[in-house]
There are 12 protein chains.
Amino acid sequence: MKILVIHGPNLNLLGKREADIYGTKTLDEINTMLKQLAKDLNVEIDVRQSNHEGEIVDIIQKSKNYDALVINPAAYTHTSVAIRDAIAAVEIPAVEVHLSNIYKREEFRHTSLIAPVAYGQISGFGDESYLLGLRAAVSITYAKKSTS
Amino acid sequence: MKILVIHGPNLNLLGKREADIYGTKTLDEINTMLKQLAKDLNVEIDVRQSNHEGEIVDIIQKSKNYDALVINPAAYTHTSVAIRDAIAAVEIPAVEVHLSNIYKREEFRHTSLIAPVAYGQISGFGDESYLLGLRAAVSITYAKKSTS
Amino acid sequence: MKILVIHGPNLNLLGKREADIYGTKTLDEINTMLKQLAKDLNVEIDVRQSNHEGEIVDIIQKSKNYDALVINPAAYTHTSVAIRDAIAAVEIPAVEVHLSNIYKREEFRHTSLIAPVAYGQISGFGDESYLLGLRAAVSITYAKKSTS
Amino acid sequence: MKILVIHGPNLNLLGKREADIYGTKTLDEINTMLKQLAKDLNVEIDVRQSNHEGEIVDIIQKSKNYDALVINPAAYTHTSVAIRDAIAAVEIPAVEVHLSNIYKREEFRHTSLIAPVAYGQISGFGDESYLLGLRAAVSITYAKKSTS
Amino acid sequence: MKILVIHGPNLNLLGKREADIYGTKTLDEINTMLKQLAKDLNVEIDVRQSNHEGEIVDIIQKSKNYDALVINPAAYTHTSVAIRDAIAAVEIPAVEVHLSNIYKREEFRHTSLIAPVAYGQISGFGDESYLLGLRAAVSITYAKKSTS
Amino acid sequence: MKILVIHGPNLNLLGKREADIYGTKTLDEINTMLKQLAKDLNVEIDVRQSNHEGEIVDIIQKSKNYDALVINPAAYTHTSVAIRDAIAAVEIPAVEVHLSNIYKREEFRHTSLIAPVAYGQISGFGDESYLLGLRAAVSITYAKKSTS
Amino acid sequence: MKILVIHGPNLNLLGKREADIYGTKTLDEINTMLKQLAKDLNVEIDVRQSNHEGEIVDIIQKSKNYDALVINPAAYTHTSVAIRDAIAAVEIPAVEVHLSNIYKREEFRHTSLIAPVAYGQISGFGDESYLLGLRAAVSITYAKKSTS
Amino acid sequence: MKILVIHGPNLNLLGKREADIYGTKTLDEINTMLKQLAKDLNVEIDVRQSNHEGEIVDIIQKSKNYDALVINPAAYTHTSVAIRDAIAAVEIPAVEVHLSNIYKREEFRHTSLIAPVAYGQISGFGDESYLLGLRAAVSITYAKKSTS
Amino acid sequence: MKILVIHGPNLNLLGKREADIYGTKTLDEINTMLKQLAKDLNVEIDVRQSNHEGEIVDIIQKSKNYDALVINPAAYTHTSVAIRDAIAAVEIPAVEVHLSNIYKREEFRHTSLIAPVAYGQISGFGDESYLLGLRAAVSITYAKKSTS
Amino acid sequence: MKILVIHGPNLNLLGKREADIYGTKTLDEINTMLKQLAKDLNVEIDVRQSNHEGEIVDIIQKSKNYDALVINPAAYTHTSVAIRDAIAAVEIPAVEVHLSNIYKREEFRHTSLIAPVAYGQISGFGDESYLLGLRAAVSITYAKKSTS
Amino acid sequence: MKILVIHGPNLNLLGKREADIYGTKTLDEINTMLKQLAKDLNVEIDVRQSNHEGEIVDIIQKSKNYDALVINPAAYTHTSVAIRDAIAAVEIPAVEVHLSNIYKREEFRHTSLIAPVAYGQISGFGDESYLLGLRAAVSITYAKKSTS
Amino acid sequence: MKILVIHGPNLNLLGKREADIYGTKTLDEINTMLKQLAKDLNVEIDVRQSNHEGEIVDIIQKSKNYDALVINPAAYTHTSVAIRDAIAAVEIPAVEVHLSNIYKREEFRHTSLIAPVAYGQISGFGDESYLLGLRAAVSITYAKKSTS
């Protein structure tokens, strides 16, 4: 089982700035945690980060060898139909994760263009959101495999 | 560590009807899964279900001996300021869970009155949403205890 | 054939107040008329009234021995997703009735959360709305039985 | 007692197309059912159909010898202030009927310009809507006569 | 100088019903007043009434021998892009008149699709609105002739 | 018969600027035309202009010796509840006039806070709007006197 | 003179939590203050609290022996048509009170479904809101008695 | 193969007025171009124009011998549910065409009630829109025939 | 303790017009009642009225010797950011009062620009609103003094 | 004559996924069809595809040697002001094409930011949309050349 | 070169209150800075402040001897059509300045009625906004003079 | 002191097209002016331009050695949450500049996603906007340095 984790724009700054909103862990630390959990759950993961909407579309399009996506679309959550369409086009289930509780923030962050094409959404648990997202992705994949 | 799980209105019908939206597991089966996971995570859980908004408010008000809530407010997600105010009034972190991906359903289900006072939200993973919710609640509580 | 008639909040005051909006018949008189018509149509009816949203949800959930519901959700027409979900969850057709023409009243009464899950809606004919609703419920049930 | 039944635009196609929305009965069959019921209820009815908004206005204006109208304004329900004004101008009570449950369909069909000037509205019972509408019209007329 | 007066739908009922909104004068009486004033102002007028949107479009299209239009679009004020387009297409200035003050009535009557293509609008003076409209039309025409 | 004409803010600049919107006549020239027509119609008029909302409220409050008001509220049309309340408070009918067709201009000019309390509205005929407004005011007053 | 004071959902927690919003007095302390003032004003009061919408409807329906209601609907202010309808149905004047200034809080708290059927509203003065509300209720009752 | 071309209201004025918006070709010239292209493509076409909504509904209802419709609903694009319902009711694919780019014009012209029931839409190419529309209609019909 | 009472536009007409909305007491009578109550409560009051928004801003700016304001902003409630900013700028608590229940009136009167900067709001009790407002102002001031 | 065809994001997946929405032809097949038609029409075409908004902006900016653009902006239709501004900045007419009928899909797809700066729009004819778009582009260019 | 600086309502309180929003400089200090810069730039300036909308209109109307305006409309930014119309009426370019960043504040402060008639807008730089505004005004004037 | 100037999409075309909106200076000429002013003000500047949202995010993220940003986000002003988040994430003050007065243009250009995280905004002064922006950036930096 292989899972692809995609970090959206500005997440490369994690742990360096605005720790009150996004927590104190760096992206590298989160990736290490994810890899540890992946090992525990006996799955492979790959991790990508990009600030470019088009690049994220490219990454999603090329994900066909993965069983599931875990994606934090960050700012593109609210503005990118292109990423939405890419997720809808590939047949891999996508788990949408957010570090902060987007429903506690500015009005425009309450609407996700990604959610209606995602399998499910996890929001607000800080870096734990990623771990829960990985578990969810693994669980979905097992369920799918057991029914096929 | 003690966690209270609250199931909102109509969830007592789970597994009996509309399986295409809510899955085939009954509420009892979900509770059994939750208890099993609680045991694995070494926490105690109690479980309550009610179709009555006021009763859910009562339950939340009396939850002060718990470390966290896992709540699926179901229909009251979109209409109950009273449950929102009860969650805001007690000092226990609440994890909001939904079986279905509420962002794939009718427009009025896209807005949660509970989300802005919840710690975080998990939506769309079927009965797995509850298991992830329990893990999240446990994780929050550990984090809180380790920082206090 | 058995039909359940549910009267929503404040309908127990019928005929006692605001006769200009709701007419001069008491709820008892309406129930008597309904029972008379039921007899004429050769069906059994039961009647329930409650001011409590949760109680109405309970009643609907327990209605599986009935062939159809006739429901005047009154104030909950415009605010209750829980009653909507209960009607959608049980497999019994529901006829929504209103004494007053809700489209002649305040803006917020023009939207029914119940209508999209009801079989049909009858509004504005005073106590006659109930009688028409009962006829509709009987007619739906006969049609269903004849095609099964 | 004389009642005028008015069928709005495209209802002449009934039973020929889109049977899933509007049912399988033709307009002629519905008219026959209406006439049978009228006979049972001991009232006279006349029936008109038009695809033209202006013609429907003309028909309503000339209805002064009738005791009540039963009207299915169809598409004009949502767009015709002229038909609304015609109904408001004549002093005959109008019963608005719809074959389909308009609240289950496209957003723009949820608003009726006619409802606020109609006596009451019946929606969603297929051809039974017309029969209930005729009964309602007869009941209104009797009530009016008994109080005058 | 020739001016065409167009009365929209339901205005043929004037003076016969809803006198509290539209006044007690019949359309014939208003036309007589208009003709008297036309005579005083030394202009010719023709008068048309129709309940049909398409017919009013036809009438406007054939008005090229007139110097100006005085039009009370009545219900079509709020719903007819076709009449708006017809007025915009012919090169004759149009004076929009209303018997009642449309800004004191239902919300939907506050918006005129005709106003942005009319020369000006007169609303609320009862049958006097027509007389003022005729004066306005004459004044516009004189001004145009004097500058050409 | 005495009529008070009130010119709102910036109308003292008439004829000096933005002639394409408001015409080339100065306010003095319009007042002269109004006085000439008043003489012809055998009524007295007084004329006031102010750029101050509060001053216009004062003027309206002190108008009890007049039979009617002709008011061009200009910019305050769209923003002044105070002027609206003053007009509603005094018992004198008010004719609202506008030089330009406000429905051809910016969106925010399409809504008049004054119109619902005015007797009627005349918009778009340039300085002729005032003359029509004066005629309307005289006509209303005669009608009122003849019925009292 | 008898007055009924109704405290809505979560008000039983007063003084125990969120003192920055609702103040430090407990509900018992507020009730004691109310009773003291009632004594000073020479009126009898009864006090009820409930977290259940339906129960509050029941309480209001049974209030016919009281001269006035003082009600803090709390969360139900913004969501309960049932309580609104109950207040409208009974003939007793209702004074709506709020501890916090609801216009300084979240957008959804700015709209009260109760206000249009209440006699008046008092908001923002902490526990003083109740005392002012009681005074208002007494004053209304005296005024009513003196005019009857 | 037979195709019906329907021109909506005011299109009979084409080439005579407002050439800046709609171009300089008359409707006859456009029809001649259409017939020439039809000949080239080896299909038969018939052409109808009407200013009457109801008449256009009648025409569509009687189009069952045609393989496709090419319709420029003009003003009725934005206001006619009746034409929409007629197109939905007949089983013939409809190509919606517009001379002008409706998305460059007034806000209300940006919404087409027809588009959701049309096969496709062509807008903005002047009389070329019709030619492209005819090609589209022919292409759809060939595709349909080849798959049946 | 000194309190300033400010009456907004058109309140100088109180008791003279529209008694059904605003009551029969004149402003002088209300001021007399206020002074009597002030005496009873052992505070000094000054009273100002103005129809001018700018003047009310001036008055508020010069109120630094007062302990609190009681202000009925009347029409400016809904339109004046300047008065809102003046209240926010001075450090004196302001009690907003309204004679009529503004939530029972036109839609635009339901929104107060002043409320979010006021200490609290009292609406709907007629002249009693002022007396309650004065009591509230006194109570706030005592509370502030006792905590400083 | 040279025409540039631009395919927006995710169109490189055409024919591989979601064939029910976008058809079964691959982008290569569509490009082959386009080149064949270009040859028939005696024009040169170049074709570009990108998933990157900025890259599409770059491509448009460098298109000055082309006579026209045919662009399917796909997801960027609804979100890209940058592409809109690029099209407006270059002086080459742009034909906007869509495979699916965007007016039959999700609400947010009904609004095109590109349409107001495009020459015209073609939507809903599957791969035929491109062929019609190419014809439209050629026709526009001929018209422009013949008038210059 | 002469430039007029206009300070709107409540700006006379600058530096005395709410220093966190508006800074600690008094209006006199800002004016001194402006005069110093004016001297450096070799232009004359005059400065006016008013809390009265009408007075600001008067000032603008009398500004014809100035080359440009620098105006901070403060609260009237969001509510005054009268000031907007005055600026549009005079032919002098106006530079709109704001001390605070109005886009970081309450929703209603995000919309400026003045901006569409101003030459440009400067917002958020505290007292530096005025200095930049003066430079902008001088630059505009030089540009205008050099092209005339 | 070092300042980074960022030019958003399509600004590389400046002076080449749409000179009526954006002026006649090329981007190079503006950069030369900026460098000259920087020299006069004794600060260093670097200049970047990109049509790619993601690239602009990258540039902002790497700006930590600069004291301030001057950014014209152009089209991304209205659509980019990613650029907003990047500006919020870095701790460098950003001055938002626009060549055209965005409040005089299309509705969608009136809303800036960047403004709430910018220090201030300058709009409408053509290339002068950049010079004012640079001055503002320098002034902010001096102020910050003097207080630290």
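The structure is a predicted model, so to set the ground rules, local features need pLDDT of at least 70 and side-chain atom pairs count only at pLDDT 80 or more, while totals for chains, interfaces and linings use all residues. Residues are numbered from 1 along each chain as its sequence is written, chains are lettered from A and ligands numbered from 1 in the order in which they are written, and side-chain values use heavy atoms, with hydrogens and water left out.

The copies use different surfaces, with 11% of the contact residues of chain C recurring in chain B.

As for the interface itself, 18 residues from chain C and 16 residues from chain B take part in the contact, where contact means heavy atoms within 4.5 Å. About 1,400 Å² is buried between chain C and chain B, and carbon and sulfur atoms give 48% of that; buried area here is the accessible area (1.4 Å probe) that two parts lose on being put together, summed over both. There are 2 salt bridges between chain C and chain B, a salt bridge being a side-chain nitrogen of Lys or Arg within 4 Å of a carboxyl oxygen of Asp or Glu. Glu106(B) and Arg84(C) pair up in a salt bridge at 3.3 Å, N to O. Polar contacts link 8 residue pairs across the interface of chain C and chain B, both residues at pLDDT 80 or more. A polar contact is a pair of N or O atoms within 3.5 Å; within protein, one must be able to donate a hydrogen and the other to accept it, and residues adjacent in sequence count only if both atoms are side-chain atoms. On the side of chain C that touches chain B, helix 3 (53-61) and helix 4 (81-89) of chain C each supply at least two residues, and helix 4 gives the most, with 7 residues. Helices (H or I, at least four residues) and strands (E, at least two) are DSSP runs, numbered from the N terminus. By class, that side of chain C has 8 nonpolar, 3 polar and 7 charged residues (Ala, Val, Leu, Ile, Met, Phe, Trp, Tyr, Cys and Pro count as nonpolar, Asp, Glu, Lys and Arg as charged, and the others, Gly among them, as polar).

Now for chains J and H. Here 20 residues of chain J touch 20 residues of chain H, and the area buried between them is about 1,800 Å², with 58% from carbon and sulfur atoms. The salt bridge count between chain J and chain H is 0, but 11 residue pairs are in polar contact across the interface. Strand 5 (120-123) and helix 5 (128-147) of chain J are the elements giving two or more residues to the side of chain J that touches chain H, and helix 5 gives the most, with 6 residues. That side of chain J divides into 11 nonpolar, 6 polar and 3 charged residues.

Helix 3 (residues 53-61) of chain D is mostly covered, with 7 of its 9 residues buried. Buried means under 20% relative accessible area, exposed over 50%, and partly exposed in between (1.4 Å probe, protein chains only). The buried residues of helix 3 of chain D pack against several elements, including helix 3 (53-61) of chain E and helix 3 (53-61) of chain H. Over in helix 3 of chain B, Gln61(B) is buried at 10% relative accessible area, and its side chain makes a polar contact with that of Asn10(G) at 2.9 Å.

Lys25(C) and Asp127(C) form one at 3.6 Å, N to O, and the pair ties together parts that are 102 residues apart in sequence. Lys25(C) is partly exposed at 30% relative accessibility, whereas Asp127(C) is buried at 18%. Asp85(J) and Arg109(L) form a salt bridge at 2.8 Å, and both residues are buried.
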